[in-house]
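Take a moment to look over the chain below. We will walk through it step by step.

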Amino acid sequence: MLHRNLVGGEWVDGERRANVNPARPGEVVSEYAEAGPDTARAAVEAARSAQPGWARTSVAERMAILDRIGATILGRAEELAVLLAREEGKLLAEARGEVARAGQTFRYYAHQLLQPQGEVYASTRDNVHAEVRRRPLGVVAVVTPWNYPLAIPAWKVAPALAYGNAVVLKPAELVPASAGELAGIIAGAGLPPGVFNLVLGAGRVAGEALLTAPGVDGVSFTGGTTTGAHVARQCLAHGNKRFQLEMGGKNPLVVLDDADLEVAVRCALDGSFFSTGQRCTASSRLIVQAGIHDRFVAALVGAADTLRVGDPLDPQSQVGPVVSPQQLAQNLGYVAIGAAEGATLAAGGTSDGQFMRPTLLTGARNGMRVAREEIFGPVSCVIKVGDLDEAIAVAADTRYGLSAGIVTTSLAAAERFKRDARAGIVTVNLPTAGTELHLPFGGTGDSNHGPREQGGYARDFYTVPVTCYTGW
Ligand code: NAD
């Protein structure tokens with residue numbers, strides 16, 4: 001299987017690279033043609049030429065095309081899920097969920113076009129009509145990470161296309177096959193050539209060419225916070241491009257004394273270890289009140305130790321591999337850092353090939369590096385606190401602010417947490433990870449810059465409000 005770049009409706013070759021299975025490192029899942037800066041710039045030019053025509057197509061036509069893309073994804077769900085599981089290492093069940101999410105997202109934005117697209121105001125002047133219309137942003141570069149190879153491209157590309165933009169997608173280097181298949185589906189759905197383009201290249205080469213290209217009006221980026229800061233600087237320096245950044249997290253899950261222990265363990269297990277902890281919304285700080293602390297830790301260690309880590313295609317597996325040798329080295333490095341900082345290794349900490357045992361560090365303090373820096377693996381730390389006030393303060397004491405959860409049976413504590421937690425997503429008696437496509441998604445602090453993604457809020461990034469005054 002070979003995936004190439006899509007530029008102006010043509011499949012463009014490049015230097016061939018292998019895409020390997022993280023669960024079976026010798027196994028080549030597919031090959032892809034790496035794009036250099038020239039291919040990236042050609043994709044921007046193709047998008048530039050195609051965008052005005054696309055913006056003028058009827059809503060009915062755009063709806064039909066988006067709906068067709070969604071239906072094709074859903075129709076090929078099993079095949080796409082297996083490919084996604086093989087290239088990213090996500091369990092097949094999780095991959096199926098992700099494919100379904102991607103398909104539904106295209107359908108959702110098809111139907112979003114039937115929602116009101118502007119606002120009418122009363123003018124303060126006689127014989128004047130005042131309204132706010134929306135026009136497309138223009139050419140959008142979409143730069144995505146490896147951990148949701150289909151869902152994240154879908155939740156950016158679908159609203160971008162729906163609102164009349166042309167797109168250049170540059171997915172992460174580790175997951176070219178999912179993006180390549182998505183591009184094939186989009187190209188086959190009847191879009192005019194150039195409206196959607198795919199560039200399979202390295203971030204520092206093809207990605208950089210998109211950030212600096214004069215023809216790009218906006219960049220929607222999801223990835224690490226350091227990369228995001230670079231994207232922001234480049235966008236400002238190269239034509240004052242609009243940018244939207246969704247970045248890292250160090251998400252707290254608070255467990256209060258009055259929590260249902262079973263719910264608490266279930267939330268912590270899911271949030272910390274499922275998807276191998278490779279989720280921006282993963283719970284990586286478990287902030288636990290003193291009265292339940294020892295019972296919670298004992299139950300969580302017991303549950304973590306029995307998780308079956310294995311091949312994503314094996315239905316018995318509960319946790320898949322770490323995505324790459326570099327990521328595994330980083331995860332194990334943090335286990336050593338935690339130990340050196342004085343935390344206790346209560347579960348896991350070991351690896352076998354690219355598989356890592358779910359790892360729990362107890363006795364952590366919020367000032368430790370393992371509590372401050374995003375690890376992005378199946379590693380979580382437990383911080384003991386005295387009461388709700390301290391829990392809220394510790395939860396908020398982070399540069400990030402994507403999601404925050406609490407497990408409690410107290411309505412008052414839950415309401416207080418929803419009010420005071422410093423995060424873009426707050427969960428009560430649910431894992432910190434797990435979101436729905438029709439609700440806004442995004443964080444605060446160093447987790448986010450710019451408008452929310454998903455749901456109706458996505459329109460804010462992909463359109464420009466135009467205030468119109470008409471006199472007569
Ligand atoms: P990354 O920052 O390394 O890469 C993200 C994307 O940016 C990739 O496509 C990469 O090729 C590209 N890139 C890298 N350097 C670039 C440059 N100089 N110019 C242009 N593009 C460049 O992130 P990753 O390792 O792929 O993903 C993991 C990170 O993503 C974690 O920090 C995670 O928290 C974050 N993430 C955030 C969310 C969210 O919605 N907040 C969702 C998923 C992942």
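Which residue forms a salt bridge with R399? The partner is D446, and the closest N and O atoms of the two are 2.8 Å apart. Keep in mind that this is a predicted model. Side chains of opposite charge can pair when their charged atoms come close. R399 sits in the loop between α13 (388-396) and β20 (403-407). D446 sits in the loop between β21 (425-428) and β22 (448-449). The two are 47 residues apart, and the pair links distant parts of the chain. R399 has a relative accessibility of 43%, so R399 counts as partly exposed. D446 is partly exposed too, with a relative accessible area of 30%.

Now step back to the whole chain. The UniProt record, an unreviewed entry, places the feature "domain: Aldehyde dehydrogenase" at residues 11-463. Over residues 11-463, the chain is 42% helix and 22% strand. The end C-alpha atoms of this stretch are 29 Å apart.

Return to the charged pairs. The count of salt bridges comes to 25. One of them joins E27 and R86, with the closest N and O atoms 2.9 Å apart. E27 lies in strand β5 (residues 24-34), while R86 lies in helix α3 (residues 77-88), so this pair ties together parts that are 59 residues apart in sequence. R86 counts as partly exposed because its relative accessibility is 22%, and the buried class needs a value under 20%. E27 and R86 also belong to a network of salt bridges that links R24, E27, R86 and D311. Another salt bridge joins the side chains of R279 and D270, at 2.9 Å from N to O. Is this pair buried or exposed? R279 is buried, and D270 is buried as well.

Next, find K90. Its place is in the loop between α3 and α4. K90 has a relative accessibility of 5%, so K90 counts as buried. A polar contact of 2.6 Å joins the side chains of K90 and E98. Beyond its neighbours within four places in sequence, K90 is in contact with several residues. Among them are N147, Y148, P149 and P312.

The largest nonpolar core has 51 residues. Which of its members touch the most other members? They are I69, I73, F106, L161, I186 and F196. Helix α4 (residues 92-112) gives the most to this core, with eight residues.

Pick I69 from that group. I69 is found in helix α2 (residues 59-75). Its relative accessibility is 0%, so I69 counts as buried. Leaving aside neighbours within four places in sequence, I69 is in contact with F106, I185, I186 and A189. I69 and G184 are 115 residues apart in sequence, yet their C-alpha atoms are 9.9 Å apart in space.

Then take I73. Beyond four places in sequence, I73 is in contact with L80, V99, A102, G103, F106, L182 and I185. A second, separate core has 30 residues, including M356, A391, A395 and I406.

Where does UniProt place the feature "active site"? The unreviewed entry puts this feature at E246. E246 lies in strand β12 (residues 242-246). E246 counts as buried because its relative accessible area is 2%. Not counting residues up to four places away in sequence, E246 touches a set of residues that includes F221, T222, G223 and L402. The set also includes F441, G442 and G443.

Finally, turn to the ligand. There are 28 residues around the ligand. Which of them come nearest? T144, E173, T227, M247 and E374 do. A polar side-chain atom of E173 lies 2.8 Å from an oxygen atom of the ligand. G224 uses its backbone, with an N or O atom 2.8 Å from a ligand oxygen. E208 has a side-chain N or O atom 2.8 Å from a nitrogen atom of the ligand.

Note on methods. Residues are numbered from 1 along each chain as its sequence is written. This is a predicted model: local features need pLDDT of at least 70, side-chain atom pairs count only at pLDDT 80 or more; totals for chains, interfaces and linings use all residues. Side-chain values use heavy atoms; hydrogens and water are left out. UniProt positions are given in the numbering used here, feature names are shortened, and annotations may be inferred rather than shown by experiment. Helices (H or I, at least four residues) and strands (E, at least two) are DSSP runs, numbered from the N terminus. Buried means under 20% relative accessible area, exposed over 50%, partly exposed in between (1.4 Å probe, protein chains only). Contact means heavy atoms within 4.5 Å. A nonpolar core is a set of buried Ala, Val, Leu, Ile, Met, Phe, Trp, Tyr and Cys residues joined through side-chain atoms within 4.5 Å. A salt bridge is a side-chain nitrogen of Lys or Arg within 4 Å of a carboxyl oxygen of Asp or Glu. A residue is near a molecule or strand if one of its heavy atoms lies within 4 Å of it. A polar contact is a pair of N or O atoms within 3.5 Å; within protein, one must be able to donate a hydrogen and the other to accept it, and residues adjacent in sequence count only if both atoms are side-chain atoms.
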